[in-house]
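Have it open while you read.

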Amino acid sequence: MYISDQIRRAGRSLRSAKARTLLTALAIAVGAFALTLTLAASNGAQSFVNNIISENFDPAELIVVADKNVISGGGGAEPTEYSGNFGSSLSNGGAITQIKRLTDSDIEKIKNIYGVESVREDIAVNLQYITRPEQKKYVATMQSFSPFLKPELAAGDIPRPLTGKQVLLPEGYISSLGFSSAQAAIGQTITVAVKKPTTIPTTPQTLAQSAVQSADDSVLEEFTIVAVTKKASTSQPGTELYLYTSQDAARALNDITTEGTDNFRAYTSIYVKVEDGENEDKLNAVQTEIEKHGYFAQSVKETQEFLTQIIDVLQGIVVAFGLIAIVASIFGIVNTMYISVIQRTREIGLMKALGMRKRDIGRLFRFEAAWIGLLGGVIGAGIAIGLGTALNPWITKQLNLGDGNKLLIFDPIQIGALVLILVVVAIFAGWLPSRKAAKLDPIEALRTE
Amino acid sequence: MIKVIDVTKTYGKGESLFTALYKVSTEIPAGASVAIIGKSGSGKSTLMHIMSGLDRPSDGEVIVNGKSLVGLKPKQVDAFRSSEMSFIFQAFFIEANQTCYQNVLLPLEIAKVGRRDRRKHVLEALRAVDLEDKVDSLAGNLSGGQKQRLAIARAIVNNPKLLFADEPTGNLDSATGDIIIDLLFKLNRERKITLVIVTHDLELAQKTDIQIYLKDGEIEKTVAKKRQHRTSPNSSKKVVRMV
């Protein structure tokens, strides 16, 4: 018998027992449904993380810190020894934690390590406000611009490198600052105010004085807008309204705001660009060297791995449930196929009498099992895709992933492979029943009474 | 032509040993119509199974169209059955939820007949049993006589040389049964298909060229009609062989 004839005959005999076939297939469909959604969700999460990482971090750079707690997610199980260059930092809960900083001498040491191309401090300055003549004042944060970043622009161009008091203004400030359009802002200036640190007042009188004084503590600087950045969904969360300026300007502002305090020229983290850092071996060599000097370094890849770790664990749990459903459905197929063989004893006997070979009869029933697997896989994956596609915009919105990102990404190749695996599993499940059919004695099978 | 030489068939072992056939020898010439007659338990079905290669004799030799079935591998016996012989049964054994077309198609699929010729063969077989108009009807909707005619169409679609009919009228009323019998003898005459009918119906048996009476696993007597068989005048002389 030709294989194509067998496949068609197998399909036909399934159609003659529609309810039984469908119910058996539904057991597999549950597994297929769970696995399809899991794969899609993990694709979505993976791509979300990758987008954030690849658009915000240079793979040839290492993030270097002096305090391990900064990069290991606050794994402070061991007491940290106090030393001179501690600064304070606000944690999420609002508590002030002490963090060891990197100073100019640390940076100098790191710069001299073989393989280090350049070092830039990660500077974010809390501005007092930004404004323009006859406009309101707005609070803002200004950050040193990583040459690696390629933000989407609404207008203008980013000079490479960014020099002096050039600024990239987020689109969100355009109308607030009284510009008619993003294009109109290019070449214009904004006034940036930073505040000198105040000395801590000791008496109630000086407290009142210092409040009056504070206006005079402001330093005003004029910045030229060279480009207007669009709000990118993959920008690091929380940085959507950051103004970007050159490393030099950022450092100058930072110096003003920290002069005379513990935080002066002390940086939580710095970015170390490694020569040929795309090459993992060279990156690792420099990382090892930096860590030998007592600092802590993390590559982008490690950051990524840290972020995707949680995704992987959750994914593993759902995959396990999907696999359990599929294992359970194997017994369903075995059962259904045994019933099918028993019900069709005479048909098998007749086919044997008409000269059908053992092997072909076995294959006929394995194809039947394969059809059940295919049906279950297609139903499960189909419902998952349908439901996922329908609910995707809503879920994405609820999770606040930002536009352009999706929670669920369905990969046709992945789903195709999944269905194929289910077909193979079903054929495996149909093995014993099909052997029973092949071994059936035609004389016994054809006995009428 | 079928030659059965000293065939013995036993089932079981030791005390439960049961002899279904004992040293049976007979010869069926090509193109003849033969009835194997006996009560239930006489061994008539076993003899048919052994002649058709569905069962193997415990001892003895079966030669069909010059080929010894005993020496063949199961695969070769299957191929031989698929190309040379066919069956109809008392209970029809048609697939009720398939169309007539699909039922008749089965032997062609088993014999790997090319897809282009299939429809032609199926329609021709259905025409021969006068069921051409039912080609796309579900087999389950046919009457009993029509079902057996469908089974005959399925049996002849592959142009077999040999047709085994196991109690072909057992489930039919006499009028319908007569139509089936007439059809079988017509095929025997016109297509020169050797027809072997297993039955306990003496009236039906009388219509065949040769009647083999079985009793307790042995041939009681073999009766041949005096009229010589048209297609094989030479072989018919040797037919009578009393045991």
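The points below go from ground rules to chains, then contacts and cores.

1. Ground rules. This is a predicted model, where local features need pLDDT of at least 70 and side-chain atom pairs count only at pLDDT 80 or more, while totals for chains, interfaces and linings use all residues. Residues are numbered from 1 along each chain as its sequence is written, and chains are lettered from A and ligands numbered from 1 in the order in which they are written.

2. Chain B. You'll find seven helices and ten strands here; helices (H or I, at least four residues) and strands (E, at least two) are DSSP runs, numbered from the N terminus. Chain B has a radius of gyration of 18 Å, close to the 18 Å that the globule rule gives for 243 residues, so it is as compact as a globular protein of that length. That radius is taken over C-alpha atoms, and the rule is 2.2 Å times the number of residues to the power 0.38. Along the principal axes, the C-alpha atoms of chain B fill a box of roughly 50 × 40 × 35 Å.

3. Burial and contacts in chain B. Of the 243 residues in chain B, 49% are buried. Buried means 20 or more other C-beta atoms within 10 Å of the residue's own, with 12 or fewer counting as exposed and anything in between as partly exposed; the C-beta atoms are placed from the backbone. Take the contacts in chain B between residues at least 6 apart in sequence: 68% join residues at least 24 apart. A contact needs C-beta atoms, placed from the backbone, within 7 Å.

4. Chain A overall. Chain A has 14 helices and 15 strands, and buried residues make up 35% of its 449 residues. An automatic or database domain assignment divides chain A into domain 1 (3–52 + 307–446) and domain 2 (124–267). Their C-alpha centres lie 58 Å apart.

5. Strands around β14(A). Strand β14 (residues 269–274) of chain A runs antiparallel to strand β1 (residues 61–65) of chain A, joined by five bridges; strands pair if DSSP finds at least two bridges between them. A:Val65 has A:Ser269 as its bridge partner in β14(A). Strand β5 (residues 116–121) of chain A also pairs with β14(A) in the antiparallel sense, over five bridges, and there A:Val116 is partnered by A:Val274.

6. A:Ser42 sits in helix α2 (residues 18–56) of chain A. Is A:Ser42 buried or exposed? A:Ser42 counts as buried because it has 21 C-beta neighbours inside 10 Å. Leaving out residues up to four places away in sequence, A:Ser42 touches A:Ile311 and A:Gln315.

7. Where the chains meet. In the interface, 18 residues of chain A are in contact with 21 residues of chain B. On the chain A side, α10(A) gives the most, with five residues. By class, that side has ten nonpolar, three polar and five charged residues. Here Ala, Val, Leu, Ile, Met, Phe, Trp, Tyr, Cys and Pro count as nonpolar, Asp, Glu, Lys and Arg as charged, and the others, Gly among them, as polar.

8. Cores. The largest nonpolar core has 124 residues, and those touching the most other members include A:Ala369 and B:Val34. A core is a set of buried Ala, Val, Leu, Ile, Met, Phe, Trp, Tyr and Cys residues joined through C-beta atoms within 7 Å. The largest share of this core, 16 residues, comes from α2(A). Apart from it lies another core, of 29 residues, including A:Ala155 and A:Ile174.

Methods:
Two residues are in contact if their C-beta atoms, placed from the backbone, lie within 7 Å.
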